[in-house]
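Below are my comments on the ligand site and the sheets around it. Please read them alongside the sequence and coordinates.

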Amino acid sequence: MCTLGNLKMQSFSPFSSLYFFLLLTTPSFVITALTQDGFCSAPSIFDSDADSDSSSQPLYWKVTNPTLSPSHLQDLPGFTRSVYKQDHALITPESHVFSPLPDWSNTLGAYLITPAIGSHFVMYLAKMQENSKSGLPPSDVERFIFVVQGSVILTNVSGNVHKLTVDSYAYLPLNLDHTVEADAAATLVVFERRYYGLENHVTEQIVGSTDKQPLLETPGEIFELRKLLPTSLAYDFNIHIMDFQPGEFLNVKEVHYNQHGLLLLEGQGIYRLGDSWYPIQAGDAIWMAPFVPQWYAALGKTRSRYLLYKDVNRNPL
Ligand SMILES: NC(=O)N[C@H](N)C(=O)O
Ligand SMILES: [Mn+2]
């Protein structure tokens, strides 16, 4: 809300002589501007509207209901926050392009990251409609699914069945027959990659939920960290869930050989990638190539939580 106008109008009680003096001597258009939206029309994030009151919305609600852009930009032809550079990309919801996912039924997919960008993995949003069913990944490809909205039923070849709701996930090893089914609309974020095997190490199906994962030590950092997969050598990637309170930021301005696919599940802040600084919000996705300088600071009044793919446990040679 416009503090300047409010302050001016609130700091004088209507009965003070100065108030009347101002009222009589200040041109009426100034009074109007100061006391109505005309002067500061940009809505403030500190307004306690339902949208920003996270307690009134389902978990990760913003990911599938993003604030696309300030109202005065929404219908601006060609406006997007998306960026594609040599060592990073920011893909924001107004840029998503959905098409039927091959081998899935009643499911639209928006690929956000694929080897064409330079990655060794794919990251996509799967919008499962009612009565939808997954297809299998290519042979020798492992899959990770995370439920962002709705719920799905995972059934694997040995017949065990799991209901996955928001914040739940599953890891499917390469060549493990399985189906993911939804009888009502559901949204998943999916990572797949060709499995980089190690002798005498095998991965197994994992089913879990973020809230049941323990917090891990983060020496020198203040964010809260959970890892959704085992850290054992068999697994050639992990999925980090990282939480920042407003004002908290990464201590290390990281540069490393690992690649990242990021989905901001909650909150907002500034992501530095290379020499660029991007305001981001829940629903935004980021590709980080190996060695791109990366840093995040959380802003606003609710925590930031992001889901992060990171390759691990394999010699970079
Ligand atoms: N950009 C990141 O958040 N990177 C992680 N802290 C990581 O690489 O572990
Ligand atoms: Mn990193």
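1. In the side chain of Glu254, an N or O atom lies 2.7 Å from a nitrogen atom of ligand 1. The model is a predicted one, and this distance, like the others below, should be read as computed from it.

2. Two further side chains make polar contacts with oxygen of the ligand. For His260, a polar side-chain atom is 3.0 Å from an oxygen atom of ligand 1. For Tyr306, the separation between an N or O atom of the side chain and an oxygen atom of ligand 1 is 2.7 Å.

3. How much of ligand 1 does the protein bury? On its own the ligand exposes 270 Å², and the protein buries 94% of that. The space that ligand 1 takes is the second largest pocket.

4. The shell can be assigned to secondary structure. Strand S14 (237–244) and strand S20 (304–311) are the elements that give two or more residues to the shell around ligand 1. Of the elements, S20 gives the most, with three residues.

5. The residues surrounding ligand 1 include the three named above, Glu254, His260 and Tyr306. Also among them are His240, Met242, Leu250 and His256, as well as Tyr271, Gln294, Leu308 and Lys310.

6. Which sheet holds S14 and S20? Both belong to an open sheet of seven strands with antiparallel pairing, in the order S1-S2-S18-S15-S20-S14-S13. Its edge strands, each pairing on one side only, are strand S1 (83–84) and strand S13 (224–227).

7. Within that sheet, S20 is placed between S15 and S14. Strand S15 (residues 260–266) pairs with S20 in the antiparallel sense over six bridges. In this pairing, Gly261 of the one strand stands opposite Tyr309 in S20. His260, which contacts an oxygen atom of ligand 1, falls in the residue range of S15.

8. A second sheet deserves a separate comment. Three strands form an open sheet in the order S17-S16-S19, paired antiparallel. Strand S17 (276–281) and strand S19 (294–299) are the edge strands, each pairing on one side only. On average, neighbouring strands here are turned by 20 degrees against each other, direction ignored.

Notes: Residues are numbered from 1 along each chain as its sequence is written. Chains are lettered from A and ligands numbered from 1 in the order in which they are written. This is a predicted model: local features need pLDDT of at least 70, side-chain atom pairs count only at pLDDT 80 or more; totals for chains, interfaces and linings use all residues. Side-chain values use heavy atoms; hydrogens and water are left out. Two strands pair if DSSP finds at least two bridges between them. Helices (H or I, at least four residues) and strands (E, at least two) are DSSP runs, numbered from the N terminus. Axes are lines fitted to C-alpha atoms, for helices over the stretch in contact, and angles run from 0 to 180 degrees between N-to-C directions. A residue is near a molecule or strand if one of its heavy atoms lies within 4 Å of it. A polar contact is a pair of N or O atoms within 3.5 Å; within protein, one must be able to donate a hydrogen and the other to accept it, and residues adjacent in sequence count only if both atoms are side-chain atoms. Accessible areas come from the Shrake-Rupley method with a 1.4 Å probe; for residues, only the protein chains shown count as cover. On a 1 Å grid over the protein atoms alone, a cavity is a set of points where a 1.4 Å probe fits but cannot get out, and a pocket is an open set with protein on both sides within 12 Å along at least five of seven lines; lining residues have an atom within 4 Å of a point. A molecule sits in a cavity or pocket if more than half of its atoms lie within 2 Å of its grid points.
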